[in-house]
Amino acid sequence: MKYQTDAKITWCPGCSNFLILRAFQDALFELEKEGQNPKEIVFLTGIGCHGKIFDYLNLNSFYALHGRSIATAQGIKLANPKLKVICFVGDGDCYNEGIEHLIFAAKRNSDIKVFVHNNRNFALTVSQFTAVSPKGFKGSSTPKGSVEEPFNPLELVFSAGATFVARTFTGNFEHLKKMIKEAILHEGFAFLEILQPCITFFDLTNFFKERVYTLENQDFESKEKAQEKIREWDYKNDGKIPIGIFYKIKKPTFEQEFFKPSQS
Amino acid sequence: MQKDLSILIGGEAGQGTRLAGNLIANLFNKLGYFVYVYEDYQSLIRGGHNFSEIRVAGEQREARKKEIDVLIAFDKNTIFLRQKRLKKDGLLIFNADRIEQKKGIGIFGDKIIKEEGGIPQMINTVFISALAKALGISFEILESVLKEKIKRGIDLNLKIAKRVYETLETKTKVAKIRPLTNSLLLTGNEACALGMIRAGLEFYFAYPMTPATSILNFLAQKEEELKVKTFQPESEIAVINMAIGSAFAGKKSAVGSSGGGFALMVEALSLAAQTETPILIVESQRAGPSTGMPTYNLQGDLDFVLGAGHGDVTKFVLQAGNAQDALFLGNLGLNLAWRYQTPVILLLDKDVSENTFSVDSKIFKSLKIEKPKLFFGKNYQRYKITKDGISPLAFPGSDFIVKANSYEHDESGITTDDEKIVQKMQEKRKRKFESMEKEVEKLGGIEVFGKKSAKVAIFPLGISKGVAIELAKEFNFKVIFPWILKPFPEKKVKEELKGVKKVFTLEMNATGQLANYLKRFGILAKPILKYTGRPFFIDELREKFKKYEISN
């Protein structure tokens with residue numbers, strides 16, 4: 001099956017979102033070979049640069065409201081649990097506007113996959129600070145620099161109960177593809193943050209390249225190990241940035257619990 | 001005794017006056033009376049003052065009377081607050097263990113319960129038994145109601161009932177009426193829920209908010225029996241976005257809230273219109289602005305609901321004036337949502353939602369599950385341009401690729417800002433609204449009561465329908481109740497207004513929102529308003545209309 005539509009791509013030339021689009025298709029190609037029916041995939045997008053991926057993929061999809069795609073996704077999954085439901089979201093989209101849905105989807109262990117295109121600013125509205133922009137970020141709404149510190153979204157999602165927490169970087173294509181595939185294959189709530197530099201407004205390509213390293217021999221089921229590695233880079237410090245799977249456990253999904261026949 | 005009785009039963013929250021009221025309602029339902037129960041309670045769990053007002057009559061009477069015929073007092077406060085409404089020769093029944101009072105029928109309820117080894121809640125049984133005896137209702141009928149309604153400790157309840165029944169005397173006899181058959185007692189919320197179920201509701205999403213909460217609770221408690229799933233997400237925003245997701249995936253879905261929760265849903269209401277996703281939204285109004293009075297009624301959301309949604313939003317707005325309407329419109333509302341792939345708002349209010357009404361069970365036979373217009377063929381396009389503006393549906397997981405888009409889009413759902421395509425899409429949705437307008441003409445959208453050739457017409461809003469009908473009978477007026485508010489059934493309404501010289505609205509809000517809305521269609525109405533949170537009494541309107549010297 002051909003996954004791409006003929007729609008004209010309107011990301012900035014050289015945007016790292018192209019890599020996500022490519023990696024997703026490559027991952028899907030492999031998954032289809034392994035038996036995944038692409039017609040049983042539904043993906044959703046929020047609003048922002050990431051959302052444009054909606055137009056480029058010829059798959060079932062819903063271009064949702066800013067911040068709300070994770071809520072809509074859970075409705076789809078409840079209505080038809082056979083579907084694989086994937087959310088492409090942005091950092092402004094899901095860490096600012098719609099963070100409640102992210103936290104609650106993780107809490108429930110809803111069987112949806114969340115891919116965050118984290119470029120650390122609102123790019124489509126010509127660059128303002130988001131929940132994960134560094135303190136002092138000079139965006140169009142904070143010419144003197146934002147006064148807020150960022151939070152660590154991985155720690156939030158992990159604390160809320162996500163059963164799959166991972167990070168990847170568009171600068172490492174093979175890793176990106178692998179993480180997308182792993183997340184899709186996870187049964188339960190999968191959270192994948194994609195460090196996706198915005199080459200136009202906030203180019204962190206070299207910053208990430210210098211700091212990113214791949215997690216090795218991570219004990220996926222250890223809460224302590226997960227927390228330690230998740231905290232290694234808290235979006236504020238200048239330390240190393242681990243990528244890979246931090247945490248992954250098996251647990252009944254929300255949908256399994258929801259449809260379980262009552263005991264009484 | 002007359003064929004039209006008002007019984008007020010009051011006490012503290014937690015004492016069970018609502019259950020007692022419900023038992024009385026069932027007793028009279030069994031006798032074949034029309035029943036209407038007004039619930040007045042405060043937003044607290046214990047203490048305070050709650051009461052149920054039960055009006056039973058030989059004909060449909062869905063309004064409150066100031067003068068009551070029977071007062072049943074669980075506590076002293078009820079006598080203090082409500083005795084002034086009891087008519088001179090009215091019946092007062094009270095708990096003599098807690099109230100010192102010379103007049104009336106005092107029963108040592110606590111003592112009897114203690115001696116029989118019962119629990120405090122059985123005071124309900126004491127009172128209903130006392131009432132039955134005082135009104136000369138046979139013990140057999142009382143027994144059958146108690147057996148139906150009380151599941152736990154029924155033997156002991158019957159023993160207590162018998163003891164009370166035998167110690168008291170009959171004061172008066174209930175009037176003989178032509179008894180109703182096949183009549184059900186339902187609150188508006190229960191009726192609305194059942195109406196949606198009969199249209200094939202599969203998912204109901206809601207976040208608790210009075211007075212809509214009992215729809216969620218009712219459905220949640222009957223999930224297996226009614227074959228429905230309910231879910232309470234993190235917020236009203238999640239509620240509607242989830243419901244839109246489940247409808248997109250092919251499941252009939254509805255949501256419900258009051259004004260505040262609905263306000264949070266409005267962004268997604270526009271999403272439903274743009275993505276053409278079918279969704280029924282039940283909005284049960286309570287007193288506003290803001291948090292207002294959770295357990296009291298004001299119909300102040302009309303303007304907001306009619307105008308809700310950014311952009312040119314196509315939608316239906318329906319309103320119910322009693323449980324029968326809520327049943328019918330819950331059903332029709334969900335069917336319309338799917339027929340036109342559009343948001344539908346069903347407007348209720350606190351009194352329609354939570355009061356109890358007699359509903360003719362034959363109506364259930366007229367309720368139906370409609371099949372949506374599905375796509376068959378090749379090369380599916382979600383937003384195919386059609387003559388009537390309705391594009392056939394397909395769902396993800398089928399053979400077709402379905403793309404729904406909150407941005408302006410082309411026929412296949414791809415984002416666009418191309419002038420020509422934008423215009424076509426706007427016009428497609430406009431044609432859909434025109435189809436909806438034609439549908440309203442077909443459906444009629446109004447109910448008319450009273451004298452055909454009347455020179456005075458009243459437009460009631462929500463719960464005021466009952467009082468308007470009663471008033472119209474006395475004054476030979478006409479009542480026009482538009483149960484579809486948007487698209488407005490302008491033609492039908494104007495036909496009914498031929499020969500009418502004076503038009504009134506009956507509204508529970510401070511600004512006359514219905515009168516203002518009618519003005520848009522060139523109908524000049526004088527609004528009669530009440531905005532204390534409590535519905536109109538028939539008595540106060542009677543006075544008002546006499547004062548206006550309006551005659552036919």
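The model is a predicted one.

**Where the chains meet**

Chain A contributes 30 residues to the contact, and chain B contributes 31 residues. On the side of chain A that touches chain B, the elements giving two or more residues are helix H2 (53-56), strand E2 (60-63), helix H3 (69-79) and helix H5 (99-108) of chain A. H3(A) gives the most to this side, with eight residues. By class, the side of chain A that touches chain B has 15 nonpolar, nine polar and six charged residues.

Strands also pair across the two chains. E2(A) pairs with strand E15 (residues 403-405) of chain B over three bridges, in the parallel sense. Within this pairing, Ser61(A) stands opposite Lys403(B) of E15(B).

**A buried loop residue**

Thr277(B) sits in the loop between helix H11 (259-275) and strand E11 (279-285) of chain B. Is Thr277(B) buried or exposed? Thr277(B) has 24 C-beta neighbours inside 10 Å, and the cut-off for burial is 20 or more, so Thr277(B) counts as buried.

What does Thr277(B) contact, apart from its neighbours within four places in sequence? The residues are Ile244(B), Ala247(B), Phe248(B), Ala272(B), Gln341(B) and Ala404(B). Ala337(B) is 60 residues away from Thr277(B) along the chain, yet their C-alpha atoms are separated by 8.2 Å.

**Two packed helices**

Two packed helices are described by the angle between their axes and the distance between the axes. For helix H10 (residues 236-248) of chain B and H11(B), the axes come within 8 Å and cross at roughly 30°. Angles under 35 degrees count as roughly parallel, so H10(B) and H11(B) are roughly parallel to each other. The crossing of H10(B) past H11(B) is right-handed.

H10(B) makes the contact through Glu236(B), Ile237(B), Val239(B), Ile240(B), Asn241(B) and Ile244(B). H11(B) answers with Gly261(B), Leu264(B), Met265(B), Ala268(B), Leu271(B) and Ala272(B). The residues of this contact divide into nine nonpolar, two polar and one charged. Two of these residues, Ile244(B) of H10(B) and Ala272(B) of H11(B), are also in contact with Thr277(B).

**A five-stranded sheet in chain B**

Chain B holds an open sheet of five strands in the order E16-E18-E17-E20-E21, with mixed pairing. Strand E16 (446-450) and strand E21 (526-529) of chain B are the edge strands, and each pairs on one side only. From one strand to the next, the twist averages 25°.

| Strands | Sense | Bridges | Partner pair |
|---|---|---|---|
| E17(B) and E20(B) | parallel | five | Pro460(B) and Leu506(B) |
| E17(B) and E18(B) | parallel | two | Ala457(B) and Lys478(B) |
| E16(B) and E18(B) | antiparallel | five | Phe449(B) and Val479(B) |

How many of the residues of strand E17 (residues 456-460) of chain B are buried? Five of its five residues are buried. In a regular strand the side chains alternate between the two faces of the sheet. Both faces of E17(B) are covered. Val456(B), Ile458(B) and Pro460(B) are buried on one side. Ala457(B) and Phe459(B) are buried on the other.

Methods
Residues are numbered from 1 along each chain as its sequence is written. Chains are lettered from A and ligands numbered from 1 in the order in which they are written. This is a predicted model: local features need pLDDT of at least 70, side-chain atom pairs count only at pLDDT 80 or more; totals for chains, interfaces and linings use all residues. Two residues are in contact if their C-beta atoms, placed from the backbone, lie within 7 Å. Helices (H or I, at least four residues) and strands (E, at least two) are DSSP runs, numbered from the N terminus. Ala, Val, Leu, Ile, Met, Phe, Trp, Tyr, Cys and Pro count as nonpolar, Asp, Glu, Lys and Arg as charged, and the others, Gly among them, as polar. Two strands pair if DSSP finds at least two bridges between them. A residue is buried if 20 or more other C-beta atoms lie within 10 Å of its own, exposed if 12 or fewer, and partly exposed in between; C-beta atoms are placed from the backbone. Axes are lines fitted to C-alpha atoms, for helices over the stretch in contact, and angles run from 0 to 180 degrees between N-to-C directions. Angles under 35 degrees count as roughly parallel, over 145 as roughly antiparallel, 65 to 115 as roughly perpendicular and the rest as oblique. A crossing is left-handed if the near helix is turned anticlockwise from the far one by less than a right angle, and right-handed if clockwise.
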